[in-house]
Amino acid sequence: MNMRRYVAKDMRECLRQIREAQGPDAVIVSTRRVEGGVEVVAAMDFDLAPTDLAPAVPAADAVAEREAAADLAAIATHVDTPAVNADMQAELRSLRQLLESQLATLAWNDLTRRAPVQAEVLRELTQLGLASDLAASIVADLPARLDLARAQHRARAILTHKLPVAEDRWLSRGGRVAIVGPTGVGKSTAIAKLAARRVLEKGPQGLALISTDSVRFGAQEQIQNLGRLLGVPAYAVDHPRELEQLLGKLEGTQLVLIDTAGTGQRDPRLAAKLAALAGAHRDLEVALVLAASSQAGAAEEVIARFAAVRLAACIVTKIDEAASLGGTLSALIRAHLPIVWVSEGQRIPEDLVPARAHQLVVRAVTLAERSRATADEDLLQRRFGGFAHALA
């Protein structure tokens, strides 16, 4: 076996040297970072059965992409996974990660040169906290040859159009609405605001409140106290069968608001609880309460878990506590879950307002500016290197 050691400033240069010195049949034995660059050990006559482990390589400029992808494919085709020890596999994974990182850097730098306006809009959307695929799709929809100010304005308009919102139908037309969500997102406060707004607009007639929360101490007493303050009937039930029977007795009531116990999105009993709730009445609608202060990943997980029952709408709460809105908006756009109400603060009912897409986008921009959110070059390269050719 003929082994040689190569040192260069980057992996691309090492691969070029290997190809020139040992040809396309060389096999990578090891890679490591050294002062001033990388070190690669390559071998010839490495007797292993061939298999195709060449990874998909993100786009860079055309020449760099073709050369790097060809080099990696030629080297990797001589590795048989079952025969290679753990160290070899780790080295190959390291090589792939390094190569992909360098190609992403090349692609992003190329995009900033060829399409600086698009790159700057991607930076702003990242500062809002939007998911990378959503930001890329917005920039891909921008008309060509816009100046930066018009491109930013159009990008916000596209985001506004993508954001699902719906007009309230509960306070105007009635229904049976169960308010669900994790613990601490403000479900009980949201119900209090909805009930108070309904009484102010139409009076206490035709409204009833129900609490199924027998877990949180004082929760059922809280809903009954609210009922007394508003002059509307309030009930407490402990089991799904009791809820079904009570809803049957309230058929003539125009609007019934149901407060539920907070349940963590990872609770293994969540799906069964939601199914039992949804089965309590044929016309029952389920509305998710989502805290804007949640992290993006948590918001997506909450929506996915509570979607075990078909969600009719969403109430976004705690906007006043959020440092960023982009993650929450991204999760709602991906789930196509319409926002009906937005809540911030504790005032009842003043701090509950109908959802307006353009207002939410403006609020997201304001929060990003207030918090001085930044997106450094490394983050942008990692997020958008793979999108660069499609965006330019």
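A residue is called buried when its relative accessible area is under 20%, exposed when the value is over 50%, and partly exposed in between. In this predicted model, Glu-285 has a relative accessible area of 19% and is therefore buried, whereas its salt-bridge partner Arg-169, at 22%, is partly exposed.

The side chains of Arg-169 and Glu-285 meet with a nitrogen-to-oxygen distance of 2.5 Å.

## A second bridge from the loop between helix 6 and helix 7

Glu-167, too, takes part in a salt bridge, its side chain meeting that of Arg-356 at 3.8 Å, N to O. Here again the pair joins distant parts of the chain: Glu-167 is in the loop between helix 6 and helix 7 (170-173), and Arg-356 is in the loop between strand 11 (352-354) and helix 14 (357-371), the two being 189 residues apart. Glu-167 is exposed, with a relative accessible area of 58%, while Arg-356 is partly exposed at 30%.

## A bridge between helix 4 and helix 6

Arg-156 forms a salt bridge with Glu-124, and the closest N and O atoms of this pair are 3.0 Å apart. Because Arg-156 lies in helix 6 (residues 148-162) and Glu-124 in helix 4 (residues 116-127), the pair ties together parts that are 32 residues apart in sequence. Arg-156 counts as partly exposed at 29% relative accessibility, whereas Glu-124 is buried, with a relative accessible area of 12%.

## Salt bridges in the structure as a whole

The structure holds 14 salt bridges, among them the pairs Arg-169 with Glu-285, Arg-356 with Glu-167 and Arg-156 with Glu-124.

## The surroundings of Ala-192

Ala-192 is part of helix 8, which runs over residues 187-202, and its relative accessibility of 8% means that Ala-192 counts as buried. When residues up to four places away in sequence are set aside, Ala-192 touches Leu-226 and Ile-348. Leu-209, which is 17 residues from Ala-192 in sequence, has its C-alpha 9.5 Å from the C-alpha of Ala-192.

Definitions and conventions: Residues are numbered from 1 along each chain as its sequence is written. This is a predicted model: local features need pLDDT of at least 70, side-chain atom pairs count only at pLDDT 80 or more; totals for chains, interfaces and linings use all residues. Side-chain values use heavy atoms; hydrogens and water are left out. Helices (H or I, at least four residues) and strands (E, at least two) are DSSP runs, numbered from the N terminus. Buried means under 20% relative accessible area, exposed over 50%, partly exposed in between (1.4 Å probe, protein chains only). Contact means heavy atoms within 4.5 Å. A salt bridge is a side-chain nitrogen of Lys or Arg within 4 Å of a carboxyl oxygen of Asp or Glu.
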